[in-house]
Amino acid sequence: MIAKEVPVTVLRILVLTSSTGGGHDARAYAFRDWVMEVHGEAVEARVEHLLEASSALTGFGVWIYNRIQKHAPWLHNFYWCFIEIYGALTQHLPWFGDRYYKKLLRDYRPHLVFSVHDFLNRGYFKTARKTLGPDNVRSATYCGEFSGGFGFSRNWVDAQADLFYARTEEARDYAAGIGMPEQRCRVFGNFLAPKFFEEKMPEEERDRFCEQEIGLDPGKFTVLLATGARGANNHLRLLDALKEHSKETQAIVVCGENRKTYEKIAAWKSLNPDFSLNLEGFSTRMHRLLQVSQAVVTRGGANLTAEALFCGCPILFDCAGGIMPQERLTIKYFVSHGAAEKISSPRQFAALIKSWSERPKKYSELKGNLEALRPADHPRQLVDALVGLAREAAGADSSEK
């Protein structure tokens, strides 16, 4: 007698994100890539930009957020407070995009709804449980903040969620303090794309990469002027300050999706041929650029900062033009641990780079403090835990059929 083949259920995970900045998307796609690498076709992770796709109004809110981030970061302190109030009013049910989301749930029938965005938790998890049945779906959050306080959105926390992942112990403790049950809180730091876990370049390969691939001198102090995906930056002003030290320093400039900045810096480069500069748009090799840099300048985006932490590249937080609430959380964490410096002007930036070259002990201390903060975990651990949640829901769903 030939045994009947039992159909295998493909586990379905719906990943909720939005393109406010670039960090949320980076984590969403990192999770999708790790799921494929670890579990292959047995698990499907679908990334959904829910705010943009579900409603024109929430999509407009995303556009406003990115415009503020690029042109007037200080203004986001007011916008953030408005969003917090709106989030409190809609914590039980999304006001906009509800019809789209419910249809998505009924059509896709995820076993797990996994949010990597602060605004896509409370009402969205409740809607999933109500639409699919509380036993047939699980919910989990990954919060990318480094610390708590002003800037940590209450929208991150749904007390009924099955798991809450924080990036640091400080962020976990804050989440527990605003309502997330401690027994369902976890700490996980290295939530990065698979390419960051490739074998680190040895010194000879780093030198070859500098000389042959990005045209720089491996013996000079290299500053990486980075930006988020949306391209918020002060690159031109910082380059003007840095060129005064062209004998000792050089730069790598990443412009993200900001085409205008790319064109302006390309013109600057042609006018300053004596300054060594590698220029890139949206870079897919940050894992290599960080390894060959002695410092990275960033506005405080949590994901880029996490990448710098993983690669051991000292961080300079550019605070010129104001700091967004979420950026405060990142800057506070690293500066309080003596693992980063803040700059608020090109003159201060140039003076700090000069002081590091004249007093290398100070630079070495900062680098050591940074390396002491680096987590030891691996994304496979996170993926396996969340796939386990999805399996629980799949088992409940199968038993009801």
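Good morning. I begin at the residue that follows helix α12, glycine 312, whose phi is positive, near 70°. The model that I am presenting is a predicted one, and every value that I quote has been computed from it.

How many residues of helix α12 are buried? Helix α12 spans residues 302-311, and ten of its ten residues are buried, so the helix is largely enclosed by the rest of the structure. The buried residues are Ala302, Asn303, Leu304, Thr305, Ala306, Glu307, Ala308, Leu309, Phe310 and Cys311. For those new to the term, buried means that the relative accessible area is under 20%.

What covers these residues? The cover includes several helices, among them α1 (23-39), α11 (286-289), α13 (325-336) and α15 (360-373). It also includes two strands, β10 (295-298) and β11 (315-318).

Alanine 128 counts as buried because its relative accessible area is 2%. Setting aside neighbours within four places in sequence, alanine 128 is in contact with Tyr101, Leu105, Val113, Gly133 and Val137. The C-alpha atoms of alanine 128 and serine 139 are 8.5 Å apart in space, while the two residues are eleven apart in sequence.

I now turn to the salt bridges, of which the structure holds 15. One of them joins glutamate 37 and arginine 380, with 3.8 Å between the closest N and O atoms. This pair links distant parts of the chain: glutamate 37 belongs to helix α1 and arginine 380 to helix α16 (residues 379-400), and the partners are 343 residues apart.

Another salt bridge brings together the side chains of arginine 172 and aspartate 173, at 3.2 Å from N to O. Aspartate 173 has a relative accessibility of 46% and is therefore partly exposed. Arginine 172 is likewise partly exposed, at 26%.

Glutamate 213 is partly exposed at 39%, and arginine 208 is partly exposed at 31%.

Glutamate 280 is found in strand β9, which runs over residues 277-280. With a relative accessible area of 10%, glutamate 280 counts as buried, because that value is under 20%. Not counting residues up to four places away in sequence, glutamate 280 touches Ile214, Val253, Val254, Cys255, Tyr262, Arg285 and Leu289. One of these contacts is isoleucine 214; the C-alpha atoms of isoleucine 214 and glutamate 280 are separated by 9.6 Å, and the residues are 66 apart along the chain.

In the loop between α10 and β9 we find aspartate 274. Is aspartate 274 buried or exposed? At 69% relative accessibility, aspartate 274 counts as exposed. The C-alpha atoms of aspartate 274 and glutamine 381 are separated by 48 Å, and these two residues are 107 apart along the chain.

Arg67, Lys70, Lys260 and Lys264 form a positive surface patch. Which elements give two or more residues to the positive patch? They are α3 (56-71) and α10 (259-271). Lysine 264, for instance, has its place in helix α10, and at 51% relative accessibility lysine 264 counts as exposed, because the cut-off for that class is over 50%.

A nonpolar surface patch is made by Leu57, Phe60 and Trp63, and its area is about 340 Å². Leucine 57 lies in helix α3, and this leucine is partly exposed, with a relative accessible area of 46%. An α-helix has 3.6 residues a turn, so residues three or four places apart point the same way.

To close, I return to helix α12, where ten of the ten residues are buried, and to glycine 312, which follows that helix with a positive phi. Thank you for your attention.

Methods
Residues numbered from 1 in each chain as written. Predicted model: local features only at pLDDT ≥ 70, side-chain atom pairs only at ≥ 80, totals over all residues. Heavy atoms only, no water. Patch = residues over 30% accessible without salt bridge, like charges linked within 9 Å, V, L, I, M, F, W, Y side chains within 5 Å. Areas by Shrake-Rupley, 256 points an atom, 1.4 Å probe, with all protein chains shown as cover. Salt bridge = Lys/Arg side-chain N within 4 Å of Asp/Glu carboxyl O. Lys, Arg positive; Asp, Glu negative; His and termini not counted. Charge placed at Lys NZ, Arg CZ, Asp CG, Glu CD. Helix = DSSP H or I, 4+ residues; strand = E, 2+ residues; numbered from the N terminus. Buried < 20%, exposed > 50% of the residue type's maximum accessible area, 1.4 Å probe, protein only. Contact = heavy atoms within 4.5 Å.
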